[in-house]
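Please look over the structure first.

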Amino acid sequence: MILSCQNIKKSFGVKDVLIDASFHLEEHEKAAIVGINGAGKSTLLKIIMQELAPDDGIVTIAKGKTIGYLAQNQDLDGNQTIYEEVLAAKQPVIDMEQEIRRMEACMDDVPEQELDTFMDKYHKLVHQFELSDGYTYQSEVTGVLTGLGFTEAEFDKKQKELSGGQKTRVALGRLLVTNPDILLLDEPTNHLDMESIQWLEGYLSNYKGAVLLVSHDRYFMDKIVTKVIEVFQHHVYSYLGNYTAYAHKKAKVREAQLHAYYNQQREIKHDEEVIARLKSFNREKSIRRAESREKLLEKRERLDKPVDDNTDIHISLVPAVTSGNDVIHVTGLAKSFGSLALFSDVDFSIYRGERVALIGNNGTGKTTILKIVNDVLQADAGEIALGTNVHIGYYDQEHQVLHKEKTLFEEIADERPDLTNTQIRNVLAAFLFTNDDVFKRIGDLSGGECGRVSLAKLMLSEANFLILDEPTNHLDITSKEILENALVHYEGTVFFVSHDRYFINKTATRILDLHEHQILNYIGNYDYYLEKKDLMRSNLTRNTFGKSDLPIGGQTSNLQQQETLGKEQWKQQKAKQAAKRKIENELQKAEKKIEQLETEKSELEEEMTKPEVAVISAKVIKLHTRMQQIELELEGLYEQWETLSTQLLLY
């Protein structure tokens, strides 16, 4: 065990944040801390780093182990360049290298009687230098910075010239090259593009030390972690496995907790009815029995109803008008800013009911395409044709139509006067505004909060073509899942830009990859894109760059081949879904039959205990024979149920 937190308690005023929080981290283990915004995840990291003192509890770090911490916000400033800042983390190795060179320079001048001692010291230093990867530290720094999305041309940028996101990436790079035994990372994928996140996934997966991270990036956690530590309602719970395994296990635990709660509620209700009935007899003996039962009922430890944050909140999106089948056709689109050409000759089409994700590295022009489609920016060339009855709803964090003098509640109520107060509160709660938050003035909100209000308004609009730019920014995991569910069941059309790969994987039916100034089309979700990406990009590289050869807009043989692959995958997916439904139906039938036989068995057992039946041997034999038949039938059904349950896990 390399890190242990035992019974950590932390409150801010009268507000409890952590209560008896306990978990541990093994050497080389990769774990994630999850929970809604404000649950106490970052607080926990700060307590481990001794930036905050717990009210109670102990944090133990194994003797001699080093720890490194990346906070969400960095305050780097000064004249050092990006490269110099990260290289400075290697100062101990640089000092060793300089000492080795100094010793080599003066080696010939060492007196003979001191030479053995000198050489012994020299060899030990060289050995230590080798163990510290001294011969590769410069290439390590370059590799980390490149992996985090910096070009070599940017290495000489000074700290004071950097954006907040760039400063965070520099701080992450500096931390990674120090190679501590324990890495604590608070939202490490913020400000990284997809390729940089994939690089970081590989880096952390192969990292020799332990990693404890806070993240809302579910795809990232799925790739890296083997344990999830959940902060839920001030307490901490540990689950083995990645994020998907955690989500599945948590759902099972909650189901079991609900079952136990409802069972207890039924028992309590039954006891209360018995007590009331005994009292109604109005006899001394029955009243004493009622009082005795009441005392036992009062002593009984009551289970709290398990409630997940926002569990019962669902957003239903129904367009007021159905659009035509052809929603949008884009042909020959091009855009440059000065000498910087973002894209040219871009063609694509989107059809009713599709959910299309536009992906690509930072700076390739994804948001620019959304703005051009929504007529916020003018294209240099190209045509955009909207289909019949297409009504756009646009979400862009930079262009939000909100009224500063209104409260959040008024903003939604005025937009949708048909909604009840409860419905309005539920919508706002889905976007993290609860209790008195709904009465905040729009003018008092942060930029991220305004973005969430705008997204809530858009979800309630009657548009049938939603255009969304990074809709999951500033949302916690629960809110992302609510939004995912809403979009998956949306009857209109969606075109969106996102870096959230889990979100893309859950919602997208097609992906447009903005790569090398062109659009590559993938008929599937993010997993499908990853599977076909290298093939598509290599085809693009091999082809000449004539319009007819590019795999865009449904015009090339490459795209036709890909569409065939997509259709085959769709057929396979449908067949798989049908097979799964068949197993689920068989499982349901087996469960129903088991329930019927168990009921019949109980009735037979009750019948056999009756005195008037016990004296009739023929009747007893008949009942006993039926009992044996039921036992045999149940044994087969239980075996069938286990087999079907195991098969269902494969889907």
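Buried means under 20% relative accessible area. The model is predicted. A486 has a relative accessible area of 2%, so A486 counts as buried. The residue is found in helix α15, which covers residues 477-488. Its C-alpha atom is separated by 8.6 Å from that of M459. Along the chain, A486 and M459 are 27 residues apart.

**Helix contact**

Which way does α12 pass α13? The crossing is right-handed. The axes of the two helices come within 10 Å and cross at roughly 115°. The table lists the residues on each side.

| Helix | Range | Residues in the contact |
|---|---|---|
| α12 | residues 408-415 | L408, F409, I412, A413 |
| α13 | residues 421-430 | N421, I424, R425, L428 |

By class, this contact of α12 with α13 has 6 nonpolar, 1 polar and 1 charged residues.

**Nonpolar cores**

The largest nonpolar core has 100 residues. Which of its residues touch the most other members? They are L185, L204, L466, L468, I504 and I511. Take L204 as an example. Leaving aside neighbours within four places in sequence, L204 is in contact with K30, L176, L183, L185, V211, F220 and I224.

Key: Residues are numbered from 1 along each chain as its sequence is written. This is a predicted model: local features need pLDDT of at least 70, side-chain atom pairs count only at pLDDT 80 or more; totals for chains, interfaces and linings use all residues. Side-chain values use heavy atoms; hydrogens and water are left out. Helices (H or I, at least four residues) and strands (E, at least two) are DSSP runs, numbered from the N terminus. Buried means under 20% relative accessible area, exposed over 50%, partly exposed in between (1.4 Å probe, protein chains only). Axes are lines fitted to C-alpha atoms, for helices over the stretch in contact, and angles run from 0 to 180 degrees between N-to-C directions. A crossing is left-handed if the near helix is turned anticlockwise from the far one by less than a right angle, and right-handed if clockwise. Contact means heavy atoms within 4.5 Å. Ala, Val, Leu, Ile, Met, Phe, Trp, Tyr, Cys and Pro count as nonpolar, Asp, Glu, Lys and Arg as charged, and the others, Gly among them, as polar. A nonpolar core is a set of buried Ala, Val, Leu, Ile, Met, Phe, Trp, Tyr and Cys residues joined through side-chain atoms within 4.5 Å.
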